[in-house]
Amino acid sequence: MKRSIRHGLHVLITASLCGAVCLSPYGTDDLSPGEIFPGDEWTWAGSPEALGWSSEKLATARDYADTIGTAAVMIIDDGIVVDGWGDVTRNYHCHSMRKSLLSALYGIYVAEGTIDVSKTLAELEIDEETPLTETEKQATVSDLLKARSGVYLPAAGEASSMLAARPERGSHAPGAFWYYNNWDFNALGTIFEQETGEESIYEAFRVQIAEPIGMQDYHPERLAYSYVDYSMHPYYGFDVSTRDLARFGLLYLREGRWNDRQVLPQEWVRESTAPSSAIGTDRGYGYMWWTGTAGGLFPHVNVAGDSYYAAGYRGHRVVVLPYRDLVVVHRVDTFREMNEVSDEEFGVLLWRILDAAGETEIGEAPFIEWASGVRLDRDALRATIPGSRLSGWDGPTPVTVMNHPDSELSILFDGTATFDGTWSVEGDAYCVDVPDADHIGGCFHAVLDGVDLRLFGPDGTLAYRFTIDPRASTARDTSAGERE
């Protein structure tokens, strides 16, 4: 019933906005869910209420986005823009969202038989400046798409987190272990050009995807690969606008169809956005797409069905929620240093957006005034924090915070001691100072519900969720991990 009401509203609003020429190839009266597409320009709802959304709650979401450093957002409900803000025409860096763009291209050439994903690196004669071993050469194209190559070598464009988490070379056979690996992603670019004979990834994307779906701001002539002397395989960075990424997200929501053209193979869209690797509770990784359901998509928000997203450094996101016919694009101005929106912050923003959509099964409200449990005052914090071990997650990576009795603090990522700092209690807040990590630290109000410890920022918004074990040993020579 809810979908039918929304569809009826979509028909009315599309008819009123299209005028004599509708943006769908179908007659306005015959539109069904999944058949509304933008033409030369996006169709914007006359008001969010016309599609069953709350303007008031969307305004709250926008206000929150402003506090966390969001640069631009677009929210697409069944092909119509419900809301958007920021400069949606500006071509920001995509960072690691580039991988999902290449995944889409692969689907086209795999379907036509130009690329065989079962071929090995040996068969393709793919090597590296540091020569690959015979075992490493047995990795297939499919292994690389899934980030399971077993090749652990330096690569262009790596983040510090990739370096910290990189397994020892030779520690895992091809196909046996998932590791978010820029070597795999960059080598896929080399393989794509080699096997297809295309001039570049950028030009192929223009012809095969950008032009068919009407991207408005895509300029391949302004894009270039980035090379390093220690790898044969360059970094293929993309700059794409928010409104163009919204088209890309809608293309996936429509399972590769754009109007009456099947731009991407439907089966590839389904296969590539399904989890090939489980990397946490209700969370996975497909073919260069992140996947999740329930509470596994992002922290602090539940989604009611299998969903997926493209992710880029410091907070770029293209989120596709098929069960809700919804696409959310989130951009950060990474041309500015230290501008970052964490997974936790984006999870709160997505909660606010889904709340504005009228969704109710989205999890506990991530705000301190609605939190269940006991809010810890100064005395309770001093009784709880010293000697405690806090266990949580940073995306797919398990994180442990060791609060040593001497006010020293250690942070371990996936069991490896990565940062040192100090903790303190200031007033009714638990404060953390980590000098070597600009994105970690601050003062938080704490709510304890059994062993569930939630930390809220000064504005009362949920920042972190941990499980607390106050009896765990926090000796400085902890066996949980050693600094690299």
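Predicted model: local features only at pLDDT ≥ 70, side-chain atom pairs only at ≥ 80, totals over all residues.
Visitor: What makes Tyr180 and Tyr285 an edge-to-face pair?

Guide: Rings of Phe, Tyr and Trp (its six-membered ring) pair if their centres lie within 6.5 Å; planes under 30 degrees apart count as stacked, over 60 as edge-to-face and the rest as tilted. By this rule the count comes to 32 aromatic pairs. For Tyr180 and Tyr285 the centres are 6.0 Å apart and the planes stand at 85°, hence edge-to-face.

Visitor: Which parts does the pair of Tyr180 and Tyr285 tie together?

Guide: Tyr180 lies in the loop between α6 (160-165) and α7 (182-196), and Tyr285 in strand β10 (residues 283-285), so the pair ties together parts 105 residues apart in sequence. Helices (H or I, at least four residues) and strands (E, at least two) are DSSP runs, numbered from the N terminus.

Visitor: Are Tyr180 and Tyr285 buried or exposed?

Guide: Buried means under 20% relative accessible area, exposed over 50%, partly exposed in between (1.4 Å probe, protein chains only). Tyr180 has 15%, so Tyr180 is buried. Tyr285 has 1%, so Tyr285 is buried too.

Visitor: Why is the pair of Tyr202 and Phe238 called edge-to-face?

Guide: The ring centres of Tyr202 and Phe238 are 5.1 Å apart and the planes stand at 75°, so the pair is edge-to-face. Tyr202 is in helix α8 (residues 201-210) and Phe238 in the loop between β5 (235-236) and β6 (239-241), 36 residues apart. Tyr202 is buried at 3%, and Phe238 is buried at 1%. Both belong to one aromatic cluster, whose members include Phe205, Tyr218 and Trp289.

Visitor: How do you know that the charged end of Arg98 sits over the ring of Tyr236?

Guide: The rule asks for NZ of Lys or CZ of Arg within 6 Å of the ring centre and within 35 degrees of the ring normal. The charged end of Arg98 sits over the ring of Tyr236, 4.3 Å from its centre. Arg254 sits likewise over Phe37, at 5.2 Å.

Visitor: What makes a nonpolar core, and how many residues has the largest?

Guide: A nonpolar core is a set of buried Ala, Val, Leu, Ile, Met, Phe, Trp, Tyr and Cys residues joined through side-chain atoms within 4.5 Å. The largest has 115 residues; among those with the most contacts inside it are Trp53, Phe205 and Phe238. Helix α11 (residues 343-356) gives the most to this core, with 8 residues. Apart from it lies another core, of 24 residues, among them Val399 and Trp423.

Visitor: How do you know that Cys431 and Cys443 form a disulfide?

Guide: A disulfide is a pair of cysteine sulfur atoms within 2.5 Å. Cys431 and Cys443 have their sulfurs 2.0 Å apart, so they are joined by a disulfide. The whole structure has 1 disulfide.

Visitor: Why is the disulfide of Cys431 and Cys443 called right-handed?

Guide: The torsion about its S-S bond is about 110°, so the disulfide is right-handed. Cys431 lies in strand β20 (residues 429-433) and Cys443 in strand β21 (residues 441-449), so the pair ties together parts 12 residues apart in sequence. Cys431 is buried at 4%, whereas Cys443 is partly exposed at 34%.

Methods. Residues numbered from 1 in each chain as written. Heavy atoms only, no water.
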